[in-house]
Amino acid sequence: MGGSLRKKGTGVPICRTIRIGLVGDPLSGKSSILTRFISNRFRFEYEPTTKNIVGLKSYILDEVAIPVTVEIWELHSDFNQPIDVAIIVIDSKLPINEIQDYYMRWFKEAQNYFWNDIHVALTKSELSEDEADKFVDRVTDALVLPGNRKPFLTSASSNIGIFQMFKTIISQKMRGL
Ligand SMILES: Nc1nc2c(ncn2[C@@H]2O[C@H](COP(=O)(O)OP(=O)(O)OP(=O)(O)O)[C@@H](O)[C@H]2O)c(=O)[nH]1
Ligand SMILES: [Mg+2]
């Protein structure tokens, strides 16, 4: 993430760019997150992604009134992207022990590329509120994410958790957390 907050002498806020990478196994739900966030659409038909794709969105961040452009990358062919944040995308329907192995495998991959700001998105989660909270607690205990973070529970089909996830991540990044 580059640039200072204000152009010297003008008081005009400069737009910041935040690059967020979605990584994970085929079918985990990366494209569906990207499409929901960028165009608020969802498709049940599966179309594999083979190359890196990027979606752009520009915001004025509420709390600080700073313009920000978000690049959402779905990473496949070339992982050498200078991303600020990596989201490991995991299908919430996997058994908990498989979620643990999956996370460890992608966590190591993220370290290989020096992505050190890592979040987890659990996808395809069409659970009741009560079940959702319990599930997040189970996965939080099983994974022990850096900085005691919690995984984000999302469903692209039901439009749950995706806008909130990006809002949280972008706000944290803007505040330097
Ligand atoms: N029920 C349900 N299905 C979903 C959800 N998100 C994704 N899917 C389905 O899961 C399949 C795979 O989703 P994609 O988003 O294409 O997965 P991907 O990770 O981009 O896959 P690759 O591009 O091959 O790496 C598609 O058939 C989607 O419709 C969800 O929230 N709920
Ligand atoms: Mg895809």
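Colleague: In which strand does Glu71 lie?
Modeller: This is a predicted model, where local features need pLDDT of at least 70, side-chain atom pairs count only at pLDDT 80 or more, and totals for chains, interfaces and linings use all residues. Residues are numbered from 1 along each chain as its sequence is written, while chains are lettered from A and ligands numbered from 1 in the order in which they are written. Helices (H or I, at least four residues) and strands (E, at least two) are DSSP runs, numbered from the N terminus. Glu71 lies in strand S3.

Colleague: What is the strand order of the open sheet?
Modeller: The protein chain has 4 helices and 6 strands. Two strands pair if DSSP finds at least two bridges between them. The open sheet has 6 strands with mixed pairing, and its order is S2-S3-S1-S4-S5-S6.

Colleague: Which strands are the edge strands?
Modeller: An edge strand pairs on one side only. In the open sheet ordered S2-S3-S1-S4-S5-S6, the edge strands are S2 and strand S6 (152-153).

Colleague: Do S2 and S3 run parallel or antiparallel, and how many bridges join them?
Modeller: Strands of a sheet pair through backbone hydrogen bonds, either parallel or antiparallel. One facing pair here is Ile53 opposite Glu74 in S3. S2 and S3 run antiparallel, and the number of bridges joining them is 9.

Colleague: What is the bridge partner of Gly21 in S4?
Modeller: S1 is joined to S3 by 7 bridges, running parallel, and Gly21 stands opposite Trp73 in S3. S1 also runs parallel to S4, with 4 bridges between them. In S4, the bridge partner of Gly21 is Ala86.

Colleague: At about what angle does H1 run to S3?
Modeller: Axes are lines fitted to C-alpha atoms, for helices over the stretch in contact, and angles run from 0 to 180 degrees between N-to-C directions. H1 lies across S1, S2, S3, S4 and S5, and the angle to S3 is about 155°.

Colleague: Which strands does helix H2 touch?
Modeller: H1 lies across S1, S2, S3, S4 and S5. Helix H2 (residues 96-112) also packs on the sheet, with its direction at about 155° to that of S4, and the strands touched are S1, S4 and S5.

Colleague: How many residues of helix H1 are buried?
Modeller: The cover over the buried residues of H1 includes S4, strand S5 (118-123) and helix H4 (162-174). Among the buried residues are Ile33, Leu34 and Phe37. Helix H1 (residues 30-39) is mostly covered, and of its 10 residues the number buried is 7.

Colleague: Which residues come nearest to ligand 1?
Modeller: A residue is near a molecule or strand if its C-beta atom, placed from the backbone, lies within 6 Å of it. H1 gives the most to the shell around ligand 1, with 3 residues. Of the 18 residues around ligand 1, those that come nearest are Ser31, Ser32, Tyr46, Thr49 and Ser157.

Colleague: Which members of the largest nonpolar core touch the most others?
Modeller: A nonpolar core is a set of buried Ala, Val, Leu, Ile, Met, Phe, Trp, Tyr and Cys residues joined through C-beta atoms within 7 Å. Of the 39 residues in the largest one, those touching the most other members are Ile20, Leu22, Ala86 and Ile88.

Colleague: Which strand gives this core its largest share?
Modeller: Ile88 is among the members of this core that touch the most others. The largest share is 6 residues, and it comes from strand S4 (residues 85-91).

Colleague: Why is Met165 classed as buried, and which residues does it touch beyond four places in sequence?
Modeller: Met165 is found in helix H4. It is buried because 20 other C-beta atoms lie within 10 Å. Beyond four places in sequence, Met165 touches Ala121, Phe152 and Thr154.

Conventions: Buried ≥ 20, exposed ≤ 12 C-beta atoms within 10 Å, placed from the backbone. Contact = placed C-beta atoms within 7 Å.
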